[in-house]
Amino acid sequence: MTSAPAPSHLLSGGPSRVPDAAFKWLALAGAAVVVALIVLVGAELYAGARLAIAKFGPAFLVHSKWDPVTDEFGALPFIFGTFVSSLIALVIAVPLGVAAALYLTEIAPFWLRQPVVTVIEMLAAVPSVIFGLWGIFVLVPWLRDHLFVWLKHTLGFLPLFQGPLYGVSMLAGGIIIAIMILPIITSVSREILRSVPNLQREAAYGLGATRWEVIRIAVLSYASRGIFGAAILGLGRALGETMAVTMVIGNRPEISASLFAPGYTLASVIANEFAEATSDLYLNSLFELGLVLLALTVLINVLAQAMLKTVMSGASGKVQ
Amino acid sequence: MNPSPFLPSAARQRWRRTKSRAVTVLLCGCAVVVMAPLFLVIYYLLVEGASAIDWHFFTQLPKPTGEAGGGMANAIVGSLTLLAMAAVIGVPLGILGGIYLAEYGGQRSNEWLRFAADVLNGVPSIVWGMVVYLMLVVPFKTFSAYAGGVALGLMMIPLVMRTTEEVLILVPQSYREAALALGIARWKVIVVIVLKTALKGIVTGVLIALARVAGETAPLLFTALGNNFWNHNLKEPIAALPLQIFAYAISPYDDWHRQAWAGALVLLGLILAINLSVRFLSRERNPAKP
């Protein structure tokens with residue numbers, strides 16, 4: 001049998017290396033765009049924030065007054081709000097997400113796993129603004145009339161759960177972020193749990209351990225570092241959540257001990273005030289908030305990637 | 001030799017089994033709680049939104065404040081326009097980047113490029129809005145459809161790049177070797193053999209990236225801005241579904257709230273339809289399955 005020659009149109013052009021080199025450079029240019037974009041994003045935000053950086057210096061980060069009328073700008077209430085709402089989200093989403101991932105890898109019957117994973121992926125696809133809409137009209141009224149009332153009644157001795165119930169609040173913001181980061185925490189935790197070698201489980205079952213003991217001793221202890229990485233990754237997402245949070249957190253630049261009080265986050269103050277910033281200094285201050293937000297998310301993401309990478313490569317190395 | 005710590009008295013055995021069962025039930029419950037928001041959101045969208053969807057919703061412009069009726073025709077067309085512009089920017093650059101990662105890059109440089117793409121993926125969407133505002137809105141002194149399209153397009157690049165790389169790697173090495181052995185230039189091997197084999201996976205990645213940016217609001221707030229009328233010139237502000245939903249949701253009018261629910265139902269329906277259909281398509285047997 002003779003081999004067929006390559007179709008002639010593929011061979012035309014002769015042995016020239018010019019198109020080959022050109023295509024390689026074109027592809028490299030496409031890849032280099034991502035690096036250029038990182039530089040661009042940082043440089044543009046810095047350029048936009050110049051005035052504020054020059055005027056306020058590092059004190060911007062710890063100043064707690066935000067008053068466009070007197071041109072006084074400080075980032076502290078927003079940094080506080082961003083961290084508190086993200087922490088609330090993590091406290092809710094990490095245990096739930098890890099539990100759901102455990103259900104998927106250890107308990108669920110095989111035929112049920114894929115449908116559950118698909119549902120969670122669809123949850124990740126819901127746009128932020130739709131969660132915000134649902135938050136305003138369904139979640140917040142329910143929280144105000146039921147959960148918050150109950151919390152105030154039972155845990156009201158804590159300063160965290162005191163004060164008037166508006167509904168829109170730091171806690172509502174945290175809960176909506178929790179819903180939005182649940183899919184990523186669940187799916188990354190699931191990857192981590194799946195990388196736990198089956199030998200670990202079999203060994204524990206072989207010793208007579210119950211399912212819970214297997215999970216606790218053989219699976220969770222093995223996967224704990226990776227789950228920590230998943231939580232950090234979730235934190236990176238939580239910090240940057242914008243629309244849904246803006247719609248339910250109440251948007252008041254105050255630092256309050258109560259989780260029932262309205263708050264404000266870096267992302268939501270930008271979304272709300274950017275278009276109506278009247279003075280240059282005001283706009284520059286908003287850009288500096290953007291810079292702070294970018295620095296935080298990049299830092300947290302880099303940390304999470306680094307953690308997950310060592311865990312995943314270590315785990316797969318052990319499997320083989 | 002010590003006896004196994006798991007084999008003491010009968011009472012303890014029972015307690016351990018009970019505990020294990022309780023945890024099993026708890027974990028099942030958590031899985032239900034994690035899935036519940038999706039169903040709750042869809043339920044309320046259907047209950048509140050379906051009644052506001054009619055022919056006018058798809059064919060009319062928004063009515064002025066206080067007048068009942070009207071639709072989101074301009075926002076639907078606006079969203080599609082923005083997505084088309086985003087695709088023009090994000091798809092070629094993303095695919096080229098993916099080709100470099102899968103076909104050319106060295107291990108060290110690839111690690112850095114992947115890292116850069118992951119960092120970009122983590123940049124909050126509101127930050128993209130600010131950056132494009134400085135790049136395109138300030139110099140041209142107007143909010144514009146172009147600015148909105150660019151913001152979404154830039155967000156797509158790292159998404160498309162990573163999925164393209166993933167599917168290209170799955171194309172068997174022997175395909176490339178066979179084609180190269182026939183004397184076909186390398187770039188043609190990549191374009192005609194590798195890309196063609198992986199085409200389905202690449203299209204899947206592009207569609208998922210489009211579905212992802214279709215729901216983005218934050219990057220459009222100060223680029224595309226929104227518009228209550230038809231956009232006749234891409235150098236001017238343009239409406240988009242997510243922007244319209246946001247504006248109506250925070251407005252004080254009941255009729256606008258209904259429209260916001262309807263808009264959200266249309267938007268989510270579109271996004272979930274893309275996601276689900278893509279998933280079923282790519283589930284067929286395919287060497288370049290994502």
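Me: At roughly what angle do the axes of helix 7 and helix 8 of chain B cross?
Reply: This is a predicted model. Helix 7 of chain B covers residues 173-181. Its axis and that of helix 8 of chain B come within 10 Å. The crossing is right-handed, and the angle is roughly 140°.

Me: Which residues of helix 8 of chain B does helix 7 of chain B meet?
Reply: By class, this contact has six nonpolar, one polar and two charged residues. Helix 7 of chain B brings Tyr175(B), Arg176(B), Ala179(B) and Leu180(B). In helix 8 of chain B they meet Arg186(B), Val189(B), Ile193(B), Val194(B) and Thr197(B).

Me: Is chain B compact or spread out, judged against a compact globule?
Reply: Chain B has 11 helices and zero strands. For 290 residues the globule rule gives 19 Å, whereas the radius of gyration of chain B is 25 Å, well over that value. The C-alpha atoms fill a box of roughly 85 × 70 × 35 Å along the principal axes.

Me: Which helix of chain B gives the largest share of the side that touches chain A?
Reply: In the contact between the chains, 78 residues of chain B meet 78 residues of chain A. Several helices of chain B each supply at least two residues of that side, among them helix 3 (73-104) and helix 11 (254-282). The largest share is 17 residues, and it comes from helix 1 of chain B.

Note on methods
Residues numbered from 1 in each chain as written. Chains lettered and ligands numbered in written order. Predicted model: local features only at pLDDT ≥ 70, side-chain atom pairs only at ≥ 80, totals over all residues. Contact = placed C-beta atoms within 7 Å. Helix = DSSP H or I, 4+ residues; strand = E, 2+ residues; numbered from the N terminus. Axes fitted to C-alpha atoms, helices over the stretch in contact; angles between N-to-C directions. Left-handed = near helix turned anticlockwise from the far one by under 90°. Nonpolar A, V, L, I, M, F, W, Y, C, P; charged D, E, K, R; others polar. Rg over C-alpha atoms; globule rule 2.2 N^0.38 Å.
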